[in-house]
Amino acid sequence: MSVRVRYAPSPTGLQHIGGVRTALFNYFFAKSSGGKFILRVEDTDRERYSDESLQDLYDTLSWLGIKWDEGPVVGGPYGPYIQSERSDIYRHYAEELVKKGKAYYCYCSQERLEKVREEQIKNKSEYQGYDRHCANLTEEERLEYEKQGIKPVIRLRVPTEGKTTFHDVLMGDITRRNRDISPDPILLKSDGFPTYHLANVIDDHMMGITHIMRAQEWIPSGPLHVLLYEAFGWEVPIYCHLPMVMGKDGQKLSKRHGSTSLRDFREKGYLPEAIINYVTLVGWSLDGSTEFFSKEDLEKCFRLENIHKAPAVFDYKKLDWFNGYYIREKSDEEIAALISPYLEKEGFISPDMNGEEKEKLLRLAHASKERMKVLSDIVPLSSFIFRDQPVEDKATYVAKGSDLEKTITALEKGGDLLISSLKAGVVEKEIEDKLFSLSEELGVKVNGVFQPLRVAITNSTVSLPLFDSISLLGLDETEKRLKRGLSIIRS
């Protein structure tokens, strides 16, 4: 079998992590199997559709480096790949089901359907849903409705007896009583647009999809889709329902856990390599121990049998750890290019930097690599270089275990030692040793000396390495800030 899989999102919102993982699983399975990855846009929900969402879909896959073999923009032999452009196809097949007696026209108004629903609730009826009022209309009755100008929907005739079973690669056989399947669901709406179920099944069949990989939340739709395949007389594809993506609290991942849209992750400064690596591991593993995979690695080693059955937890801290790793793997030149947009947005640098400014940016990139979890961290880490906002709160200068008197001495002696040593060309290791000796002399931990120096120089308790900070600021500016810091805590 030549593997053909698809990612078929609805452009009604920004691409979120769950959808991105579905796309990655499909893509890597296709590549590792020598198959095809198809992109299909399911845009039949016209009320919620947005051009922004469609563009976000394209931008997301492009940023991740995921190229589809067939689909919008690139074309293919089974197009069009946008559902709103396939209306005639859906009507043709829906009417074919009517001719076979597998579906029927329904003329019920929304008012009548609402009344039926209210009665069922009032009577606590065991049977909830459409009452099949139009399931057996005579031709005369149909014509009467037509004369009134009522445009019908087309409903699937779901069997009321028996069971429907489909096999899932991960979950095994899944069976549901036909009476529990949505009663005669609408396939084609009165405006000519298909519902998700009809369009999904027709497109998957016509596009030769061999494996359907989607979230486990779609399992309840499985039996209905199988009934549709059987009604058409088509072969059912292989199903693989992917484990849910959960927050650490065991609930489905949502905005209450943090960012969920890929756009948010991109804007914060996550790298595509980190997203691809970590998100693929959310519900999949090669051997239970290997953690780092390049996109090229996954294109070769991804296997369905390594997908987990149980829900997978999305750990934001673990993603940060992966992202920090990939940041550190990049060259200073690459980091400089990646952090520039964040610095430009803050007005710290301009696009037309001179040679000296570019050299300083490279030094900043080198100094910041070890401290960044995401690229946007560069703003708080480096703001002291471009925007001088001294810390006025004396308590911030005082490290844990020290006091104000010792802090004043540490900043006075430590500052003098630092400046005089640097002017004399003393190497950093020797200067550090002198500062360590000062902490012993004052009877405080090392941070009792380094914290007041850091706060005075960088206006923060968390910053770039001390000597990198001094180098980026310049010795004169550093000396000025040390004196100012001393003045603040003495006042």
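This is a predicted model: local features need pLDDT of at least 70, side-chain atom pairs count only at pLDDT 80 or more; totals for chains, interfaces and linings use all residues.
Colleague: How many aromatic pairs does the count come to?

Modeller: Two rings pair if their centres lie within 6.5 Å. By that rule, the count is 27 aromatic pairs.

Colleague: How do I read the geometry of the pair Tyr27 and Phe28?

Modeller: Take the distance, then the angle. Planes over 60 degrees apart count as edge-to-face. The ring centres of Tyr27 and Phe28 are 5.4 Å apart and their planes stand at 70°, so this pair is edge-to-face. Tyr27 is buried, at a relative accessible area of 4%. Phe28 is buried too, with a value of 0%.

Colleague: Which parts of the chain does the pair of Phe28 and Phe302 link?

Modeller: Distant ones. Phe28 belongs to helix α1 (residues 17-32), whereas Phe302 sits in the loop between α10 (295-301) and β11 (312-313). The two are 274 residues apart. Their pair is tilted, with 6.4 Å from centre to centre and 35° between the planes. Phe302 is buried, with a relative accessible area of 0%.

Colleague: Which residues of α20 are buried?

Modeller: Start with the general idea. An α-helix has 3.6 residues a turn, so residues three or four places apart point the same way. Now the case here. The buried residues of α20 are Glu477, Thr478, Arg481, Leu482, Gly485, Leu486, Ile488 and Ile489.

Colleague: What covers the buried residues of α20?

Modeller: The cover includes α14 (378-386), α15 (394-397), α16 (404-423), α18 (447-458) and α19 (466-473).

Colleague: Take α18. At what angle do α18 and α20 pack?

Modeller: About 115°, with the axes 8 Å apart. The crossing of α18 and α20 is right-handed. On the α18 side, Leu453, Ala456 and Ile457 make the contact. On the α20 side, Thr478, Arg481, Leu482, Arg484 and Gly485 do. By type, the contact residues of α18 and α20 divide into 4 nonpolar, 2 polar and 2 charged.

Colleague: Is Thr478 buried or exposed?

Modeller: Buried means under 20% relative accessible area. Thr478 has 0%, so it is buried. Thr478 lies in helix α20. Leaving out residues up to four places away in sequence, Thr478 touches Ile419, Ile457, Ile470 and Leu473.

Colleague: Why is helix α7 largely enclosed by the rest of the structure?

Modeller: Count its buried residues. In α7 (residues 222-232), 10 of the 11 residues are buried, so the helix is largely enclosed. They are Gly222, Pro223, Leu224, His225, Val226, Leu227, Leu228, Tyr229, Ala231 and Phe232.

Colleague: Which residue takes a positive phi just after α7?

Modeller: Gly233, with a phi of about 80°.

How values were computed. Residues are numbered from 1 along each chain as its sequence is written. Side-chain values use heavy atoms; hydrogens and water are left out. Buried means under 20% relative accessible area, exposed over 50%, partly exposed in between (1.4 Å probe, protein chains only). Helices (H or I, at least four residues) and strands (E, at least two) are DSSP runs, numbered from the N terminus. Contact means heavy atoms within 4.5 Å. Axes are lines fitted to C-alpha atoms, for helices over the stretch in contact, and angles run from 0 to 180 degrees between N-to-C directions. A crossing is left-handed if the near helix is turned anticlockwise from the far one by less than a right angle, and right-handed if clockwise. Ala, Val, Leu, Ile, Met, Phe, Trp, Tyr, Cys and Pro count as nonpolar, Asp, Glu, Lys and Arg as charged, and the others, Gly among them, as polar. Rings of Phe, Tyr and Trp (its six-membered ring) pair if their centres lie within 6.5 Å; planes under 30 degrees apart count as stacked, over 60 as edge-to-face and the rest as tilted.
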